[in-house]
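Here's a quick briefing to read alongside the model.

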Amino acid sequence: MKRIQRRTLVATLATASLAVLLPATSFAQKPIVLGFSQVGAESEWRTANTESVKASAKDAGIDLKFSDAQQKQENQIKAIRSFIAQKVDVIAFSPVVESGWEMVLREAKAAKIPVVLTDRSVNVKDDSLYVSFLGSDFVEEGRKAGRWLVEKTKGQSGTVNIVELQGTVGSAPAIDRKKGFEEIIKADPKFKIVRSQTGDFTRAKGKEVMEAFLKAEGKNINVLYAHNDDMAIGAIQAIEEAGLKPAKDITIISVDAVKGAFEAMIAGKMNVSVECSPLLGPQLMQIVKDVKAGKPVPKRIVTQEGIFPMETAAQEFPKRKY
Ligand code: AHR
């Protein structure tokens, strides 16, 4: 009996002295490891989104493995496979295009690694391949742009010639913003999309394609609908270089509402920007924590957004966070 008591005492003392010797962190839980595959760095929006994801991961104590796909789907697939090989806890990604994800998502599912979609969605038959999708309603953004134009041209009887700068071919925002805009303007035959081409969401391409539109259509263009602010800003340069006044000779409608768009609106060069928030980091980290803890998460979380016509820009600008 005495021997048992002595042994227990020795064991207790050993554990206690170990606790004193080892730093407190040795007893803390291991951080969640999140593999995140970003589209690229194509726009002001994307830069703000990357900053939001990185800062929120740091604040949440999540170990972030960040990979930039440089707007290439094959790079995203490689990154996801590498996250699977590293056995990360959760994978999140913003898919550059909508289709072609089934195989790699099945691989993640087989490895029992939950996948969260952020910003853009995928087109898959089996929606159990991802646990949640956090991001904007791009169709609604297109509708907002269309409704603004309908309102702006109310009572105007002549044809309204529109040129459209589309986002990356096959991407959810390009497909949906086109769809939503067309859904609204088709109600009135005075609206005509005379040219529509991709500018890949970048300033350089936006400028280049707008130059081509101006060459082909001359002074025939009444409205530019750009799927993001960067392309609109590039196009504004092309319009000015062609000797025309943006927002006066050509109405400029854009999407994102980044600071660059507010500057353009304050300078009187852009008419309106539909908001698309890139500040998805905090909500994403919460989803990641919940998923890891085995809590149920909503399948779809839609970001709340507004619309900013140029008349409101100066007042809103100081409040903008991106
Ligand atoms: O997916 C969101 C879109 O991607 C933003 O509107 C655009 O600026 C970005 O590149």
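Across the interface of domain 1 and domain 2, the rule turns up one salt bridge (a side-chain nitrogen of Lys or Arg within 4 Å of a carboxyl oxygen of Asp or Glu). On the domain 1 side that touches domain 2, the residues split into four nonpolar, four polar and five charged. Here Ala, Val, Leu, Ile, Met, Phe, Trp, Tyr, Cys and Pro count as nonpolar, Asp, Glu, Lys and Arg as charged, and the others, Gly among them, as polar.

Keep in mind that this is a predicted model: local features need pLDDT of at least 70, side-chain atom pairs count only at pLDDT 80 or more, and totals for chains, interfaces and linings use all residues. Residues are numbered from 1 along each chain as its sequence is written, and side-chain values use heavy atoms, with hydrogens and water left out.

**The two domains**
- Domain 1 covers 33-136 + 278-303 and domain 2 covers 138-276, with bounds from an automatic or database domain assignment.
- Their C-alpha centres sit 29 Å apart.
- In contact terms (heavy atoms within 4.5 Å), 13 residues of domain 1 meet 21 residues of domain 2.
- About 1,300 Å² is buried between them, and carbon and sulfur atoms give 51% of that; buried area is the accessible area (1.4 Å probe) that two parts lose on being put together, summed over both.

**Salt bridges**
- Side chains of opposite charge can pair when their charged atoms come close.
- The count comes to 25 salt bridges by this rule.
- One of them joins Glu-107 and Arg-81, with the closest N and O atoms 2.7 Å apart.
- Glu-107 is in helix α4 (residues 102-110) and Arg-81 in helix α3 (residues 73-85), so this pair ties together parts 26 residues apart in sequence.
- Glu-44 also forms a salt bridge, with Arg-203, and there the closest N and O atoms are 3.3 Å apart.

- pLDDT is the predictor's confidence in each residue, from 0 to 100; the protein averages 93, and 92% of the residues score at least 70.
- Over residues 8-22, pLDDT stays under 50.
- Where pLDDT is low, the predicted coordinates should not be read in detail.

How values were computed:
Helix = DSSP H or I, 4+ residues; strand = E, 2+ residues; numbered from the N terminus.
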